[in-house]
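Thanks, everyone. Today I want to talk about salt bridges. Please have a look at the model first.

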Amino acid sequence: MAKVNICNVEVLNNPASFFDPFKFRITFECHEPLDDDLEWKLVYVSSAYNPSLDQTLDSVLVGPIPVGRHQFFFEANAPDPKIIPNEDIVGVTVVLIQALYRDKEFIRVGYYVNNEYKKEELRLEPPAEPILDELERHIIASDPRVTRFPIDWGDGLLDGCPEPEQPVEDIEESNLLYNNEQVENISRMNQENENRNDKLDSSNFCESQSCMQFTESTSCIPLHPVQSSTISVDSF
């Protein structure tokens, strides 16, 4: 089994304006001692059709990690809108929380994010050039997509099991299927938003549940809060 599992992710500051920082409270459990720190990344998908535009909003190291449950705050600035294609600024996209050990990703938590106009008239007739100050960001906190990846934690085994032989083409096909599913889901959700814009109130899309429980909740041993080094964004 994996030496580290995410127990809970609480989405804070939701809903928020487009330029507000992302804020999460992450609880995870370490089952065995680790020799190195864990790396956590927050990635914003600028365009579902162009992975090269993905923005790493922040990357932090958390450690040392003793055995037990731990909790920390992860905060990162909003994405740089200059990198996002105009047609992808408004609508549904994805934000990813990635956890890595020794540069190997072992778990990913993805959330759909809906950027929409606060004013009904702008939702009904969106301007050709997005008005960023009028956008509101809603993270669909109640529906995270969790993906786990077996890795070598330092004992030469994948999560304690012998490494299976998997052809490179199978790995590439698996990644392609994952990306295609993400594109299809984003396209579907954007279409659903367009179909209901004439009756959508700005509060309807926001989920009332701000966190998702992955395992049974218990008391946590808090780590010191992480102060992230966020990227700077020019507001315009």
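I'll go through the charged pairs one at a time.

First, the ground rules. This is a predicted model, so local features need pLDDT of at least 70, side-chain atom pairs count only at pLDDT 80 or more, and totals for chains, interfaces and linings use all residues. Residues are numbered from 1 along each chain as its sequence is written, and side-chain values use heavy atoms, with hydrogens and water left out.

How many salt bridges does the structure hold? Eight. By salt bridge I mean a side-chain nitrogen of Lys or Arg within 4 Å of a carboxyl oxygen of Asp or Glu.

Take E29 and R69. Their closest N and O atoms are 3.5 Å apart. E29 sits in strand 3, residues 22-30, and R69 in strand 6, residues 68-76. That is a link between distant parts of the chain, 40 residues apart. Strands here are DSSP runs of E, at least two residues, numbered from the N terminus. E29 is partly exposed at 24% relative accessible area. R69 is buried at 14%. Buried is under 20%, exposed over 50%, partly exposed in between, with a 1.4 Å probe and protein chains only.

Next, D36 and R102. Here the closest N and O atoms are 2.7 Å apart. D36 lies in the loop between strand 3 and strand 4 (38-44), and R102 in the loop between strand 7 (91-101) and strand 8 (104-117), so the pair ties together parts 66 residues apart in sequence. D36 is partly exposed, at 33%. R102 is partly exposed too, at 38%. There is also a network: salt bridges link D35, D36 and R102.

Last pair: E105 and R108. Their closest N and O atoms are 2.9 Å apart. Buried or exposed? Both residues are buried.

How values were computed
Helices (H or I, at least four residues) and strands (E, at least two) are DSSP runs, numbered from the N terminus.
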